[in-house]
Amino acid sequence: MFDWEFCDPWFLILLGLVPLIIWLTTRSTSILGFSSVELFAHTPRSLRQRLSILPPLLLAISFAALVIGLARPRTPQSETRVNRDGIAIMMVVDLSSSMDARDLVKDDRSINRLSVVKDVFTDFVFGEGTTAGKGRPDDLLGLVTFARYADSVCPLTLDHGNLANIVKDLEIVSIRSEDGTAVGDGLGLAVERLRRSKAKSKVAILLTDGVTNAGVIDPIKAAELAKQYDIKVYSIGVGTNGMAPYPSVSVFGRKRMVAQPVEIDEKTLQKIADETDGKYFRAVDKDALAEIYGEIDQMERTKVSELKYLSYTEHFSLFVLAGFGLLGFA
């Protein structure tokens, strides 16, 4: 059964005129009177006489169909509002060129750090392939990315499927002028988005693999701002320290792996977490993030809601066509 509703239900008041239409179209207009009708008692009725009630009935039905068409019957394709218990979480992801280091392993093969971050994010949202639970279906989630500049990619939302598709399309910065690691700017932008949320519990999960070398906001200052708005920061250092293999193209156009020095500013990441009552983690593989889920699951939850703009299937045209068709037939 369709969940029918009317866009303009006040037009249905006009349905009260249907009995009047039937009465006006069936009342007798003869001015010739008879003292007795016994003469016609045994006269057989013709087909036209038997169907004499049909035109007024069709007129009444066509009027009713047109009125229903004016009221615009329709069926919604989804729920109008989602109300759930959850927290507000902003993911802050590093997209600098160092995220292309191939020092992490998945399914016995080396992949770059951003690929691991994408997998971790999907596991965090949907709880796939982890021991952390069933994901975060009731939480408002958003995404901020940064390299030399920070960018708010997705606002806080309950539409996790769309957010997962956005994460899937993330790419490492390839333009040299936009490369860098602006940890402070990324965290500061996440704080700006979170502070506007009405959720009582707010969390930023910062994933980076390097040392701040760009941006205008100092990471510690951004952490202090997060603390001011009661935002916890879980900082995650992705990858290894020391030397890590990077893809490179030789002068002959051949692809090869070249070892380059890498460094994670664990001291700053630890200080950011401590400043905001969060925790610092090292992510050498996906399983290293399981502890984060346990920490966040124990946080205070609050009521959040998200208004969705619906798409409807309109049915008024069927009633309008039926109304005019019956009117012509009458």
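Predicted model: local features only at pLDDT ≥ 70, side-chain atom pairs only at ≥ 80, totals over all residues.
Colleague: What relative accessible area does Arg195 have?
Modeller: Residues are numbered from 1 along each chain as its sequence is written, and side-chain values use heavy atoms, leaving out hydrogens and water. Buried means under 20% relative accessible area and exposed means over 50%, with partly exposed in between (1.4 Å probe, protein chains only). Arg195 counts as partly exposed, because its relative accessible area is 34%.

Colleague: Which residue does Arg195 meet in a salt bridge at 2.8 Å?
Modeller: Side chains of opposite charge can pair when their charged atoms come close. A salt bridge here is a side-chain nitrogen of Lys or Arg within 4 Å of a carboxyl oxygen of Asp or Glu. At 2.8 Å from N to O, the partner of Arg195 is Glu192.

Colleague: In which helix do Glu192 and Arg195 both lie?
Modeller: Helices (H or I, at least four residues) and strands (E, at least two) are DSSP runs, numbered from the N terminus. Glu192 and Arg195 are 3 residues apart, about one turn of the helix. Both belong to the helix of residues 183-195, which is H6.

Colleague: How far apart are the closest N and O atoms of Lys221 and Glu224?
Modeller: Lys221 and Glu224 are both in helix H7 (residues 219-228), 3 residues apart. Lys221 is exposed at 53% relative accessible area, whereas Glu224 is partly exposed at 35%. Their salt bridge has its closest N and O atoms apart by 4.0 Å.

Colleague: How many disulfides does the structure hold?
Modeller: A disulfide would be a pair of cysteine sulfur atoms within 2.5 Å. Among the cysteines, Cys7 is partly exposed at 26% and Cys154 is buried at 5%. The number of disulfides is 0.

Colleague: Which helix gives the most to the nonpolar patch?
Modeller: Patches are made of residues with over 30% relative accessible area and no salt bridge, joining like charges within 9 Å and nonpolar side chains (Val, Leu, Ile, Met, Phe, Trp, Tyr) within 5 Å. The members of this one, including Ile22, Leu57 and Phe329, have about 740 Å² of accessible area together (Shrake-Rupley method, 1.4 Å probe, only the protein chains shown counting as cover for residues). Leu57, partly exposed at 39%, has its place in the helix that gives the most, with 3 residues: H3.

Colleague: How many of the 8 residues of strand S10 are buried?
Modeller: Strand S10 pairs in the parallel sense with S9 (residues 202-208) over 7 bridges, and the chain crosses from S9 through H7 to S10 in a right-handed β-α-β crossover (with the strands pointing away from the viewer, the path from the first strand over the helix to the second runs clockwise). S10 also runs parallel to S13 (residues 280-283), joined by 4 bridges. S10 is largely enclosed by the rest of the structure, because its buried residues number 7.

Conventions. Pairing = 2+ DSSP bridges.
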